[in-house]
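Reader: Let us go through this model term by term. Tell me what each word rests on.

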Amino acid sequence: MSPQDQHGTRRSHPRSPRHRTARLVAAAGAVALTVSAGLATPLNPAPQRAQAAEGKKTLTVAVAQSVDSLSPFLAVRLLSTSILRLTYEYLTDYDPGDAHPVPGLATSWKPSADKLTWTYTIRSDATWSDGEKVTAKDAAWTFDKMMTDEAAATANGSFVANFRSVSAPSPTQLVIKLKKPQATMTALDVPIVPQHIWKSVKDFSKFNNDKSFPIVGDGPFVLTDYKADSYVRLKANKDFWRGAPKFDELVFKYYKDQDAAVAALRKGEVSFVAGQPALTPAQAASLKGQKDIHVNEGPGRRFYALATNPGAKARNGQKFGDGDPSLLDQRVRNALFMAVDRKAVIDKVFQGHAVEGQGYIPPRFSTYFWKPSASQDLSYDPAKAAQLLDQAGYKKNAAGKRVGKNGKPLNYRVLCHATDPNDKAVGQYLKEWWGKLGIGMTLDCLDNVTDPWLAGKYDLAFDGWSVNPDPDFVLSIHTCGALPATPKDTGATDNFICDKTYDDLYARQLAEYDSAKRADIVKQMESRLYDLGYMNVMAYPNAVEAYRTDQIKSITTMPKAAGNIYGQDGYWSWWSAVPADSGSSSGGSSTGVIVGVVAGVVVLAAAGVFFAMRRRTTADDRE
Amino acid sequence: MTADAAPATPGRLARQRRRQSAARFWRSYRTHRAGMIGLAALVLFALMALTAPLTVGSGVAGVTDAPGAPLEAPSLDFPLGTDRFGRSVLGLVVWGSRVSLLVGLLAAVLSVVIGTVVGVTAGHFKGAYATVLMRITDWFLVMPALVLAIALATVMTRSLGTVILAIGVTSWPTTARLVRAQTLAVESRPYIERAKALGGGHWHIMSRHVLPNVMPLVLAQTTLMISSSVLAEATLAFLGLGDPTVISWGGLLQDAREAGAVSAGDWWYLVPPGIAIALVALAFTLCGRAVESVLNPRLGVAR
């Protein structure tokens, strides 16, 4: 698991890896686009309905992120884990209203008095898609596998690290014994797999669960077909215990170019576009006025931050990487962030489709949302930033550049994702803001940021994670325990933060079962993280997505009031989507057809006249 | 000192000869209407690029003090609208011409220099050396240049130098082939044999006899190569392989695509840089064709 991948995980934002081929195709189309953009004439005007002929209701979703694996033990990207949510039921789900744990495979659960034994009652009305009954044994086997096989712990190992034993005394009873109290026991985001299918798997690190279809599952949908970077096809599980989905089929179709996906939505080829990570302001604005298209905007689960390299080191104490030593000074880190006008980032880059950054956890999770107090607030103040840098000993030289103790001017490399336009845009602002402070900056935009990131070869980096209703995971990635064992290993750490105070708080919150007290500790952790200045949250981007109302009548957002649809903490959106019964497939683009035909005729006529004239002028030369 | 009083030194004679041939070249070039149109366009673009610091100023690329709102439609204040940061697209296109032309020129020069060196040496030395060199050339020739350039630009840091290098080292094989053919033709002439008999070494033959004879070809090739280099630069920048903080025409197209201007129908963001690229490439091609037909009489049956 690498930062880039993590940045696209279930817990992280849907940033897709690089796709060179798609870009080449886009390049080939570039000239055509340039020419035809002004005309906006659909070359293929007949809208292709996403539905098959004989009344089968299909919901098509445009996606761009590649599937890393369909094995629940390996998959970490947002798309893959969303698909696994649809095909495998978890012990508990999150309520679409306020994200409190609701029954999933488990109908009820209770801890023992010493907080170390948890007993879950497994529902008896759930069946696997091949007809077998879902029992507590399946769940016990799944957890046990993750505890005993290191390869099976790749994706979700952090949940079971503290488990002492798992057993299934009866088909409806699951007992988990812990080493220490664990607050995340009602938020175990682990897909439960059928033991009778999975027990034959030999090597969990290689098995990607994409060979024999349909894939046996117990979620609201059954995976029936998958072709890498082409489509993922699922059919409704009519026997799903919570009730069958309203659509018969759900297809995730690949559009590597976001503009192409938006065009497909306009034409009705797809029912839903989420964008990667969101529709751009221009796209959202142009779709807003369209007939039969609804633009949905909800508070995002993501934070968008500027991470600072704290001097990468491994658990064995060995230092590596080449982060700038001046960044080890907290005053420098704070000064850098104080020169960032977060309001301008919201207004100009996100154009209002984001909320100004405060603490580590987005305001959407109100229980854990924290704001810096007036005294610790690092608000935008370039003058104070300059003062802080002066104090830290980085004074301006004659050329107006701030120099370090070695006499060399400060110049930071900022790692940015070449696939994310927001990184590049914010990077240009940073360059000018820091330039005014006298600090140089090189924007290092790469398609694959993983390698320099893991090697600690960066000074600052654009960072972002999607946060779950239970914040344990995003908090755990900043503990010393998440550091790689040696410089050669890969740790779960986000950017090598290791702070004793923070770690103590982390251990305390994990063992705290009282939710109010736990929230209080989590807020202290956020406060500590804010002061350290290694993770500077600039914004919480909104989810901006669009769907066709003539294909989807209604769909559940999460939170129900003004929430997002794609990448929810659960299967609510696709499970609840109601197809629109209208058959209004054509129309809408007739003006486009007329314009296109007229333009074509004009071009042909002009060409004809031109050639006729040429023939006349060369008449003398011909025989 | 008057002209007739001056002694007819060899240098003076050479200068005179060169002046005459330049005048002859210009007389012949003037008869190519398309070439003149291309030249006029080029002069205009060059003026635009050179005077950009006076007309629009480097401040046009600044994002923090952008004058307009993002993606404004064309108006009197912004004749070509604004980009995603609220900067004037007209100003950006003018400012971007500097990078696009500079990269196009330098990459073309680099490519032609590599091609000439390979071509002349391969044509002169022959034997195993030439065989190996020409096989390498063939290899570069059949490799899709764009893919190779993308690979190069990806592994190296993103900067203008990288783009120049990536274009330069992938586009030289055609020049090498052309120059080698011309070198072979020149070297088979009797005076080369005489020069050798008089003790002219490899360096003397190549620099004094072969190079001046392939120079017209190289000149024409350079002019033609610039247009493809400008296009290649735009392509690489459009694919996001350029330095994102540098304004170029291809980079503007890439910005427009990323901002979703294509599906939003914000044509003013896409069309101006696109047209600028097309015009510059066309102008260089027209000039190159004209130069080619002036210098190579066998091609010169232009209507």
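Author: Start in chain A, where strands β13 (residues 302–308) and β17 (residues 460–466) run antiparallel, joined by seven bridges. The model is predicted: local features need pLDDT of at least 70, side-chain atom pairs count only at pLDDT 80 or more, and totals for chains, interfaces and linings use all residues. Residues are numbered from 1 along each chain as its sequence is written, while chains are lettered from A and ligands numbered from 1 in the order in which they are written.

Reader: What makes β13 and β17 of chain A a pair?

Author: Two strands pair if DSSP finds at least two bridges between them. Here there are seven bridges, so the strands pair. Within the pair, F303(A) stands opposite W465(A) of β17(A).

Reader: Which open sheet of chain A has β13 and β17 in its order?

Author: The six-stranded one, in the order β14-β18-β13-β17-β15-β16 with mixed pairing.

Reader: What makes β14 and β16 of chain A edge strands?

Author: Each pairs on one side only. Neighbouring strands of this sheet are turned by 30° against each other on average, direction ignored. Helix α10 (residues 342–349) of chain A lies across β14 and β18 (535–541), running at about 30° to β18(A).

Reader: Why do β4 and β6 of chain A stand at the edges?

Author: They belong to an open sheet of four strands, β4-β5-β7-β6 of chain A, with antiparallel pairing. β4 (106–111) and β6 (163–170) have a single partner strand each, so one side of each has no neighbour in the sheet. T119(A) has V175(A) as its bridge partner in β7(A). Helix α4 (residues 136–148) of chain A packs on the sheet, touching β5, β6 and β7, and its direction makes about 160° with that of β6(A).

Reader: Why is α3(B) called roughly parallel to α12(B)?

Author: In chain B, the axes of α3 (residues 89–125) and α12 (residues 267–295) come within 10 Å and cross at roughly 30°. Angles under 35 degrees count as roughly parallel, over 145 as roughly antiparallel, 65 to 115 as roughly perpendicular and the rest as oblique. That makes α3(B) roughly parallel to α12(B). The contact is made by V89(B), V93(B), G96(B) and S97(B) of α3(B) and by W268(B), Y269(B), P272(B), P273(B) and A276(B) of α12(B).

Reader: How do those angles get computed?

Author: Axes are lines fitted to C-alpha atoms, for helices over the stretch in contact, and angles run from 0 to 180 degrees between N-to-C directions.

Reader: What is the relation of α15(A) to α16(A)?

Author: α15 (residues 500–511) and α16 (residues 515–532) of chain A pack at about 160°, their axes 9 Å apart. That angle makes α15(A) roughly antiparallel to α16(A).

Reader: What makes L160(B) partly exposed?

Author: A residue is buried with 20 or more other C-beta atoms within 10 Å of its own, exposed with 12 or fewer and partly exposed in between, with C-beta atoms placed from the backbone. L160(B) has 17, so partly exposed is the class. L160(B) sits in helix α6 (residues 160–168) of chain B. L160(B) and L102(B) are 58 residues apart in sequence, yet 9.6 Å apart in space, C-alpha to C-alpha.

Reader: Why is helix α8 of chain B called hardly covered?

Author: Among the eight residues of α8(B), residues 190–197, the count of buried residues is zero. Just after α8(B), G199(B) takes a positive phi of about 100°. For chain A, 51% of the 623 residues count as buried.

Reader: How many residues of chain A are in contact with chain B?

Author: Contact needs C-beta atoms, placed from the backbone, within 7 Å. By that test 32 residues of chain A are in contact with 30 residues of chain B. α12(A) gives the most to the side of chain A that touches chain B: nine residues.

Methods. Helices (H or I, at least four residues) and strands (E, at least two) are DSSP runs, numbered from the N terminus. Two residues are in contact if their C-beta atoms, placed from the backbone, lie within 7 Å.
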